[in-house]
Structures are given as C-alpha cells and as structure tokens.
Amino acid sequence: MAPIDPHVFDREEFEVDPFPTYERLREEQPVFRDRVHNRWILSRYDDVLAAFRDNESFDRALYEPDGLYEFGSGHPFGPNILEYGNSDRHRWMRNIVANQFVGQGLMAFIPVIEQIVEELIERHGDSREMELVSEISTQFPIRVISNMLGLPREDEPRFVGWYQDLIAGLSPKAESVARGMRARDEMWDYFGPIIEDRRANPGDDLLTRLVQAELDGQSMSDDEVKGFIALLLAAGGDTTDKAIADMWFHMLYTRPDQFEDVKADPDLWEHVFAEMMRFDPVVHAQTRYTTKEVEIRGKVLPRRAMVTFYLAAGNRDPRVFADPDTFDIHRTDLHMGPENRSAKYRSELPGHLGFGVGQHFCMGYRMARQEAVIASKRLLELMGDPRPKYPDHPGLRGGFPDTGGFRAPDELWIEW
C-alpha cells in the first residue's frame with residue numbers, strides 16, 4: 001500500500017471530503033509524521049482523548065508565558081486565553097468569566113437569545129423561503145453576544161462585520177491576515193472609551209464583569225479585555241453560526257427521514273446537535289506543542305513538536321462508534337446530552353471530541369448548544385414543514401477562503 005502523501009492536506013479534495021484520509025490515518029498510521037508541514041498527527045479517538053487530558057506533555061501555547069514574545073501582538077484577536085496555553089494566566093482569565101456561560105449565568109441570558117431569534121425572524125418578513133446562513137446563522141450569535149456585553153444595539157451590523165473579518169484573519173493568506181488585523185485595530189479604537197466608561201460606571205452586563213472582575217487581587221488589562229471581546233465575537237460566534245447551519249444541512253440533505261422525527265419531537269434538536277458535533281464537527285482539528293519527549297504507539301514525538309489532533313477523525317473511530325460514517329440522531333453509543341470538560345458521563349457513553357477535553361475545553365460549549373437548539377426550534381415552528389429549495393447541495397467545506405478553517409455550508413436555501 002502506498003504511503004500517505006502529506007500534500008493531500010493542501011488539496012481541494014481534502015477540504016471537500018477529508019474522511020477517506022482520516023480513515024487511512026486511523027488504520028495505517030495513527031501517529032503520523034507529516035514532514036511537509038513539520039508536524040505530527042493523532043487520529044484515533046483514544047489517543048486524542050488521552051492527549052487532551054495530558055497537560056504535562058501537551059501545551060496549547062506556542063510561546064513561553066514568561067518569554068520575549070508579547071502575547072497578542074501577532075494575533076487578530078489580540079491577547080487572549082488561546083495564546084496563553086497551560087499557563088497560570090490562562091487559568092486565571094478563564095476562571096473570571098467561565099461561570100457566565102453555564103448554569104445560572106447562562107440561564108439569565110436565555111430571554112436575550114429568544115429575543116434575538118424572534119427579531120431576525122420578524123426581519124425576514126412573510127417570504128416563504130430563506131437563505132439560512134446570511135439571514136440567521138451568521139447574524140444570530142454575534143447579536144446575542146453583543147447584547148450580553150451590553151453594547152449599543154444600533155452597532156450590531158458593525159460587530160457582524162468585524163466578526164467576519166476577524167475569522168478571515170485566521171487564514172494563512174497574507175491579505176486575509178491583514179484584513180483581520182485591520183478589524184482588530186478598528187475594534188480596539190471602538191472599545192477603548194467603552195471599557196473606560198464601564199470601569200467608572202458599571203452596568204449589569206458581561207463587559208462590566210470583564211473589566212471589574214478580580215482574582216487574587218488582579219484584574220485584566222484593557223488589551224486583555226479587548227482580546228476577550230474579540231474571542232467571544234469571533235471564535236464563540238463562529239462555532240454557533242456554523243453549528244446552526246450544519247444541523248440544518250444534515251436534516252435537509254443527509255437524513256431527511258430523521259428530520260421527520262425532529263418535526264414530530266423538536267426536543268430531538270439536542271440529538272441533532274450532538275450527532276453533528278460527532279459526524280462532521282464545526283472544528284476538525286486542534287493544535288498542541290509537546291513540552292517534552294512523548295511516546296505514543298511506539299513512536300517518540302520530540303520536545304516542542306507541533307501536534308495536530310484530528311477531532312473529526314477520532315469522532316469516526318469504529319473502535320468507539322458503530323457504523324461511524326452514518327449520521328444517526330438515534331444512535332445509542334453516543335452521549336447526546338450537554339458536554340463537560342472531563343468527557344466522563346453518568347451514562348458511561350463516549351462523547352464527541354468537537355469541544356475538546358480538559359483544561360482547554362470550549363468555554364462557551366453550553367451557550368453554543370443552547371443557541372443552536374433554541375434557534376432551530378423556533379425556525380422549525382415558523383416554517384412548519386421546511387424543505388430544501390434545491391435538490392442538490394455541494395455540502396460542507398472547511399478550507400474555502402476566509403473561513404478560519406471552520407466547516408459549514410456556504411449557503412443553505414430553505415423553502416416552506
């Protein structure tokens with residue numbers, strides 16, 4: 001059998017359908033040395049899960065927390081918790097705001113989530129067709145987050161535009177990076193006076209909590225607050241944006257038979273969310289760096305090696321999930337309820353890897369699920385019996401320009 005060619009990761013065929021490559025990685029070289037991109041790749045579920053949990057051996061940060069690099073200086077989001085890796089600073093910043101996105105902190109914002117989706121539906125008017133991506137999914141999470149932050153409602157279109165530019169800035173293309181950095185600078189100028197005002201005149205909003213929160217007598221700098229806002233608008237918004245579009249794509253095109261079950265029982269949108277995050281998640285990969293030599297399956301990864309965890313490959317590991325290449329909202333071998341950072345559930349069923357596991361588990365996991373389910377339920381109620389406007393669809397892609405690598409349909413037309 002021919003060896004795996006690392007150039008495949010740069011080809012359009014991989015962007016369109018990476019799963020044949022994932023299968024080869026899992027079965028032939030589960031610990032793969034990609035010499036073209038100077039990285040290692042993990043693709044089996046158990047290996048990815050174990051690596052996520054091993055903070056002693058794998059770090060998210062490229063730079064040393066106390067080194068020469070000025071964190072955020074080269075990132076379109078500015079200084080943010082993703083760049084701080086496993087450091088104490090990361091844990092400190094996360095602890096300041098984590099409770100705002102779960103439990104009672106999240107429940108307080110459910111009326112805002114419901115209000116925003118109703119406004120978008122009203123703005124759609126009486127037409128019996130909709131392009132879901134541009135009219136709903138791209139707009140909805142950004143408007144929710146900006147409301148949580150207590151930002152002026154009349155500026156919501158600007159936030160949506162900045163969000164799209166920041167995501168473009170994650171692209172390796174120089175012009176896209178420049179676009180993201182320009183958006184960052186515009187945001188910095190916009191948020192400077194607002195942050196100053198919140199410090200002097202606190203309100204009942206998330207931005208006030210960010211600027212006034214303290215842990216061990218320390219608060220975040222203005223730049224760190226701005227980086228947090230950018231992270232919330234961009235990474236948090238994009239996950240929910242793409243999740244809504246992906247869920248509807250699968251119901252309309254992958255399993256229209258199971259969509260009939262969802263129409264009969266809208267609570268099954270929770271299952272649609274979980275199975276979407278397993279079958280073809282919004283984010284297919286995360287990167288880590290080894291802190292020391294690490295041995296996996298007889299291969300030794302050197303210190304400071306870049307390692308790609310292919311979450312989407314692990315999610316289709318036949319050692320864990322039966323018939324893994326079938327989208328099935330009724331499967332009995334997947335935890336369908338809310339996720340947690342330990343990936344251990346009372347049901348003893350495995351969960352998807354789409355939000356990561358451990359210290360860097362997605363902070364907004366619960367909000368993403370809530371927003372996607374609430375929006376989908378309300379849209380289904382509006383439409384009654386939705387169907388795809390066009391019989392064929394090109395499907396999901398993760399590498400088309402300026403997407404930041406997030407995987408979703410470019411357009412999704414629905415009629416009813």
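Start by selecting strand β5 (residues 285-290) and strand β8 (residues 306-310): the two pair in the antiparallel sense over 5 bridges. Strands here are DSSP E runs of at least two residues, and helices H or I runs of at least four, numbered from the N terminus; two strands pair if DSSP finds at least two bridges between them. Pick T287 and you'll find its bridge partner in β8, T308.

A word on what you're looking at: this is a predicted model, where local features need pLDDT of at least 70 and side-chain atom pairs count only at pLDDT 80 or more, while totals for chains, interfaces and linings use all residues. Residues are numbered from 1 along each chain as its sequence is written, and side-chain values use heavy atoms, leaving out hydrogens and water.

Now show the whole open sheet: 5 strands in the order β1-β2-β8-β5-β3, with mixed pairing. β1 (31-34) and β3 (58-59) are at the edges with a single partner strand each, so one side of each has no neighbour in the sheet.

Next, go to β2. On its β8 side the pairing is parallel, over 3 bridges, and L42 stands opposite F309 in β8. With β1, β2 pairs in the antiparallel sense over 4 bridges; R33 has W40 as its bridge partner in β2. In that hairpin, with 4 residues between the strands, stop at N38 for a positive phi near 55 degrees.
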